[in-house]
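Please examine the sequence and the structure before reading the solutions.

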Amino acid sequence: MIITGKYPNLRLRRNRKTDWSRRLVQENNLSANDLILPIFIIEGKNKKESIKSMPDVYRYSVDKIPMILDKAVKYKIPMVALFPYTNKKLKNELGSEALNENNLVCRAIRLIKKKYKNKIGIMCDVALDPYTSHGHDGLLKEGKILNDETIEILIRQSLLQAQMGCDVIAPSDMMDGRIGKIRKYLDKYKFQDVQILSYAAKYASSFYGPFREAVGSNKSLKSDKKTYQMDFNNSLEALREVSLDIKEGADIVMVKPGMPYLDVIKSIKENFKIPVFAYQVSGEYSLIKNAIDRKLIKEDSVIETLVGFKRAGASAVVTYFADQIARYLK
Ligand code: PBG
């Protein structure tokens with residue numbers, strides 16, 4: 001790094017003196033193009049239900065999805081991510097509701113594709129936790145999460161979502177080897193153009209708390225997910241995860257949670273030069289949102305956090321603020 005000049009010839013405040021000048025030298029710029037909006041879906045008709053731990057975030061019944069999708073399309077948000085709140089009676093040990101072509105996610109994909117065509121992308125989580133009675137992302141046997149057996153189901157879940165019209169398959173389960181297997185089967189069944197966004201560096205985190213309430217897996221989950229999600233003490237391990245997923249065919253990788261892991265985003269970007277997305281997760285959302293609601297910080301703190309992701313090297317951010325911020329930017 002070369003510093004060309006010195007005070008008093010050089011005064012860095014000169015470029016900051018006016019708004020127009022600051023705009024000219026601005027290095028990053030947040031737009032709606034950077035945002036991915038998660039949507040929670042619930043059974044029933046004509047429902048828009050609030051989520052206690054996430055103020056201003058709602059669960060929509062499938063017929064009400066246009067309420068939020070119309071806004072997302074209008075604000076030019078490029079993609080939505082679908083998450084189901086599955087009825088308890090549909091959950092079991094194997095998470096078989098994941099493979100039901102009339103489950104909430106499948107119905108939502110069909111509706112969105114029919115109504116909005118390619119105006120907006122759809123991304124779907126591949127993992128079993130919304131569907132298992134124990135709340136884990138994979139199959140549980142004698143206290144252990146089975147890796148290879150889980151992948152067999154994840155392949156079928158991915159194929160089903162692709163068949164329904166999902167554009168971006170996003171495995172968030174952290175099983176070893178799933179990206180390669182899913183890519184192989186997508187290709188075999190002629191879904192070569194379906195993208196894979198791998199949650200490559202997903203940490204076992206306390207910040208997922210509100211999400212688990214939002215999808216109703218909080219009560220079922222008894223233990224933690226530390227045997228498959230990453231240890232937050234590690235960052236080099238994230239590079240190993242990412243390099244494997246790239247070799248296996250990931251188009252984009254995700255770092256999750258977001259704000260405590262900006263270093264991870266930056267080092268992945270620098271090492272691999274591929275698109276990296278960040279997930280500003282539910283706990284981060286609730287933290288900031290509650291502080292805004294209590295007037296401890298101002299609303300533009302949200303922009304500050306989102307630009308932080310971009311400075312670190314993220315191409316896009318999954319955030320529950322997406323619709324609120326896209327509207328604000330407009
Ligand atoms: C499940 C999944 C989780 C999130 C997205 N997909 C939770 C978990 O792993 O327990 C969390 C998202 C959030 O907190 O906003 N595979």
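Two exercises with worked solutions follow.

The model is predicted, with local features needing pLDDT of at least 70 and side-chain atom pairs counting only at pLDDT 80 or more, while totals for chains, interfaces and linings use all residues. Residues are numbered from 1 along each chain as its sequence is written, and side-chain values use heavy atoms, leaving out hydrogens and water.

**Exercise 1.** Determine how helix H4 packs against helix H5.

Solution. 
1. Helix H4 (residues 147-164) and helix H5 (residues 178-188) pack at an angle of about 45°, their axes being 9 Å apart. Helices here are DSSP runs of H or I with at least four residues, and strands (E) have at least two.
2. H4 is therefore oblique to H5, given that angles under 35 degrees count as roughly parallel, over 145 as roughly antiparallel, 65 to 115 as roughly perpendicular and the rest as oblique.
3. The residues of H4 that meet H5 include Ile 151, Leu 154 and Ile 155, and among their partners in H5 are Ile 182 and Tyr 185; contact means heavy atoms within 4.5 Å.

**Exercise 2.** Describe the largest pocket and its lining.

Solution. 
1. The space in the largest pocket is about 370 Å³.
2. Its lining comprises 23 residues, of which Asp 56, Tyr 320, Asp 323, Gln 324 and Arg 327 lie nearest the centre. A pocket is an open set of points on a 1 Å grid where a 1.4 Å probe fits, with protein on both sides within 12 Å along at least five of seven lines; lining residues have an atom within 4 Å of a point.
3. H11 contributes the most to this lining of the largest pocket, with 5 residues.

How values were computed. Axes are lines fitted to C-alpha atoms, for helices over the stretch in contact, and angles run from 0 to 180 degrees between N-to-C directions. Grid points are joined across faces, edges and corners, and a volume is the space filled by probe spheres set on the points.
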